[in-house]
Amino acid sequence: MNTTKKVLNKPEPNFSFTESLIILAVILCILGYLIIFKHQEPQAPLFISFVLLAVYGRLRGFNWTTVMDGMRSGLRAGVDPLVIFLSIGVLIATWIFSGTIPTIMYFGFEIISVKFFLPTVFIVCTLVGVACGSSFTTVSTMGIAFIGIGATLKINPGLTAGVIVSGAFCGSNISPLSGTTNLAASVGDISIYNHIKSLLVTDIPAWAICIVLYTLLGLNSKNVSLGAVHKMMNGLANGFWISGWALLPVLLLIILAFLQVPAIPSLGLGSLFAALLGWIHAPSTSITTITNTIMTGYVSHTGDKTIDTLLSKGGIASMLTSLALIIFALALGGLLIKFNIIKAIIDHLAGIVKTPGRLTIATAVTCVGVNLMVGEHYLAIILPGQSFLPAFEKLGLKRAYLTRILNDAGAAVNAIVPWSVSGVFISSTLQINPLNFIPWAFFPFLVTIICIAVGMLIKVPASQTTNVNLATE
């Protein structure tokens, strides 16, 4: 009996910085090799990494209760994103049924030229992202419409998706309605407007560079036959309700965002309103057809193969594969946090930074690292923010410098990690391989680089320099 008590009370191990680094490197190698080089879907590599880490943790001395607690805590952190995923699947299906997305596409064909398609997409997605404060909503509404327009204009779908992602995440980054932006400000305990003012220092230059790059890329686009465009417009007009009234769900979503209604009820109300609007236009539609659309997605029957492929999507079922991926990613992240592997890395980095430049790099690298290992953008803001805040205060630096890094290298970078919450969502919503759109999503790359560059130029306040020197003597 005494032996049993000793086993139960045996202290659990602490991973050193070196061991933690090796564990992370092995996991990244597994994910990188199978996903990037072997072109596997991320679900299996994440599952393999999760199981191997769980077994290794048990062999190192963690009991199974700790392992299971780590998995559960990781999943709890992702409950909101999981429900949002399902809600957006419903939103997509109902917005096609109501004619909302087809109407956006139809009007888009009338005003967008091939040469200026890419910068126009970028600007519109930025504005929608700012207005609704949600990159996910922007991608799942305007994104789907622009993917359809781009396909008709013979533009590389990966390029179009990259532009959509850049605009959506740029807009969300600087929106006072954005969940991640408000979270970053709250972690630093500063006002949302001081936080956004700091973000503009890095986000505006990144946005301007994106405009130039996308304009140059668009100028290289070949002219497309107007016959193909007119054919698509006729197909949309014949198969769907094309009307300004069909845009009411978009207006409702923007109003709910300004009223600061949370994402999940906003998406739910937007979906139900779209379903009601579609039924008003076509009252012969049975309730069974509507509920089937919510569950399995909308199925287009226009007779035009291109339109039917583009607009047969959405529904709860369409998101289930993505949910499996996110569940495994969150479970893996939960173990990394429970085993204190992430903490060992962060603590080591926080202990060696003595200048603003090094502190900026360490914070940004940690944000990117949490995105790569955990795949959850909220944790990529919270963990580095809580860990590095004392270091920023010790150097006498403004908290807005920290919150800016959390948004730029934490929230925005999540979009370009194939197995992250955002990466999976974008891939499933736009039906495109992450590796096809990531190279063209310039904003997350640029804003992180500029964020680090700006941080390297920050000087320690004169009054603080003396304190730092005294502390090191």
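This is a predicted model: local features need pLDDT of at least 70, side-chain atom pairs count only at pLDDT 80 or more; totals for chains, interfaces and linings use all residues.
Local features need pLDDT of at least 70 and side-chain atom pairs count only at pLDDT 80 or more, while totals for chains, interfaces and linings use all residues. Residues are numbered from 1 along each chain as its sequence is written, and side-chain values use heavy atoms, with hydrogens and water left out. The structure holds one cavity of 30 Å³ or more. Five salt bridges turn up in a search of the whole structure.

**Cavity**

- A cavity is a set of points on a 1 Å grid over the protein atoms alone where a 1.4 Å probe fits but cannot get out; lining residues have an atom within 4 Å of a point.
- Its volume is the space filled by probe spheres set on the points, with grid points joined across faces, edges and corners.
- Trp 95, Val 128, Cys 132, Thr 137, Thr 141, Met 142, Val 250, Leu 253 and Ile 254 line the largest cavity.
- Helix H7 (117-132), helix H8 (135-152) and helix H13 (248-258) are the elements giving two or more residues to this lining.
- Helices are DSSP runs (H or I, at least four residues), numbered from the N terminus.
- The lining has seven nonpolar, two polar and no charged residues.
- Here Ala, Val, Leu, Ile, Met, Phe, Trp, Tyr, Cys and Pro count as nonpolar, Asp, Glu, Lys and Arg as charged, and the others, Gly among them, as polar.

**Salt bridge Arg 60–Glu 19**

- A salt bridge is a side-chain nitrogen of Lys or Arg within 4 Å of a carboxyl oxygen of Asp or Glu.
- Arg 60 and Glu 19 form one through their side chains, at 2.8 Å from N to O.
- The pair links distant parts of the chain, 41 residues apart: Arg 60 sits in the loop between helix H3 (43-59) and helix H4 (64-76), Glu 19 in helix H2 (residues 17-37).
- Glu 19 is buried, at 16% relative accessible area, whereas Arg 60 is partly exposed at 29%.
- Buried means under 20% relative accessible area, exposed over 50%, and partly exposed in between (1.4 Å probe, protein chains only).

- Asp 189 forms a salt bridge with Arg 399, with the closest N and O atoms 3.9 Å apart.
- Asp 189 lies in the loop between helix H10 (179-188) and helix H11 (192-219) and Arg 399 in helix H21 (residues 399-411), so the bridge ties together parts 210 residues apart in sequence.
- The side chains of Glu 393 and Arg 399 also meet in a salt bridge, at 2.2 Å from N to O.
- Shared partners join Asp 189, Glu 393 and Arg 399 into one network.
- Asp 189 is exposed at 60%, while Glu 393 is partly exposed at 39% and Arg 399 is partly exposed at 26%.

Definitions and conventions: On a 1 Å grid over the protein atoms alone, a cavity is a set of points where a 1.4 Å probe fits but cannot get out, and a pocket is an open set with protein on both sides within 12 Å along at least five of seven lines; lining residues have an atom within 4 Å of a point.
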